[in-house]
Amino acid sequence: MPALPPAIFLMGPTASGKTDLALELAEALPCELVSVDSALVYRGMDIGTAKPSSEVLARFPHRLVDILDPAESYSAARFAGDALQAMAEITASGRIPLLVGGTMLYFKALLEGLADMPAADSQVRAQLEAEAAVDGLAALHERLSEIDPESAARIHPNDPQRLIRALEVYHVSGLTMTEHRARQRSQKLGAHAPDSGVLPYTVAQLSIAPAQREVLHQRIERRFVHMVEQGFVAEVEALRGRGDLHLGLPSMRAVGYRQVWEYLDGAMTHDQMIERGIIATRQLAKRQFTWLRGWKGVAWLDSLACDNLPRALKYLQQLHILS
């Protein structure tokens with residue numbers, strides 16, 4: 001057995017088959033599942049998030065699913081705290097934490113910790129939001145590219161929350177996010193404290209995706225159309241009907257939800273909504289691939305292979321995760 005308790009990370013782009021493999025692993029091993037997904041945390045967002053069915057969740061409970069109302073916000077820092085607590089409880093019960101999802105920032109927060117960033121400044125944020133409303137997000141992204149090229153390369157031009165936060169950090173502190181993270185990394189060199197950002201587990205990292213990108217595109221298209229057929233529009237209608245939700249919330253900016261919301265606003269036709277929802281989901285998958293291409297220590301599995309479970313188990317044995 002390893003000196004540190006074992007944990008398994010199962011990552012991959014959307015629609016790659018992560019959940020199916022996670023359930024196979026949970027049947028074969030003494031695992032308990034922890035969701036690593038920024039949308040599955042929300043209650044009432046089931047169809048558009050491809051949330052596992054109630055039957056699956058009853059048989060294979062997932063931690064960090066349905067823990068928030070869509071009116072609430074969730075951060076990588078809060079996830080890291082919640083996940084570490086869940087992992088500790090699972091380990092204490094003699095089981096292995098199996099973390100599965102596609103929110104790569106959350107995985108990174110667990111593995112590396114988060115840089116200490118200045119607190120939010122409501123006045124600076126309001127000013128940046130006003131500029132975004134007048135000049136557009138593209139102008140803000142161009143400004144970030146000049147100030148902090150590394151963060152600009154990581155943040156999508158149409159991601160207002162992260163874009164505005166990156167500029168806010170610079171305006172409040174005079175340092176870019178990249179500089180804050182570099183300082184944190186330098187401070188960690190030689191540090192051995194438990195809170196130094198090093199995850200206290202022996203982690204096996206698995207990633208699953210189709211070997212052919214076009215296959216993933218086809219799966220994304222089929223799944224989005226199926227979501228619409230299952231009642232995705234009615235789900236968003238019900239959320240809109242509450243009266244306290246809007247497109248400025250992280251929950252309603254989730255891929256698919258924004259497009260359906262705008263369709264219900266009359267901004268596009270039904271066919272355009274489906275097309276834009278598929279495009280947005282493919283863009284999400286592309287960003288997830290970008291994260292994973294630079295990820296170290298990952299064992300890749302092909303979504304279409306028929307031997308992923310034995311290959312995963314063999315990899316876990318090689319890392320001494322399994323005896």
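Guide: pLDDT is the predictor's confidence in each residue, from 0 to 100. This is a predicted model, in which local features need pLDDT of at least 70 and side-chain atom pairs count only at 80 or more, while totals for chains, interfaces and linings use all residues. Residues are numbered from 1 along each chain as its sequence is written, and side-chain values use heavy atoms, without hydrogens or water.

The average pLDDT of the chain is 91, and 94% of the residues score at least 70. Residues 188-196 stay under 50, and the model has 5 contacts (heavy atoms within 4.5 Å) for them beyond four places in sequence. Where pLDDT is low, the predicted coordinates should not be read in detail.

Now for our close look. An unreviewed UniProt entry lists a "binding site" made up of Gly12, Pro13, Thr14, Ala15, Ser16, Gly17, Lys18 and Thr19; such annotations may be inferred rather than shown by experiment. Let's start with Gly12, which sits in the loop between strand S1 (6-11) and helix H1 (18-28); strands (E, at least two residues) and helices (H or I, at least four) are DSSP runs numbered from the N terminus. Gly12 is buried, at 0% relative accessible area, where buried means under 20% with a 1.4 Å probe and protein chains only. Beyond four places in sequence, Gly12 contacts Lys18, Gly101, Gly102, Ser207, Ile208, Gln288 and Leu292.

Next comes Pro13, found in the loop between S1 and H1. Pro13 is buried, with a relative accessible area of 0%. Not counting residues up to four places away in sequence, Pro13 touches Lys18, Ile208, Ala209, Leu216, Ala285, Gln288, Phe289 and Leu292.

Technical notes. Buried means under 20% relative accessible area, exposed over 50%, partly exposed in between (1.4 Å probe, protein chains only).
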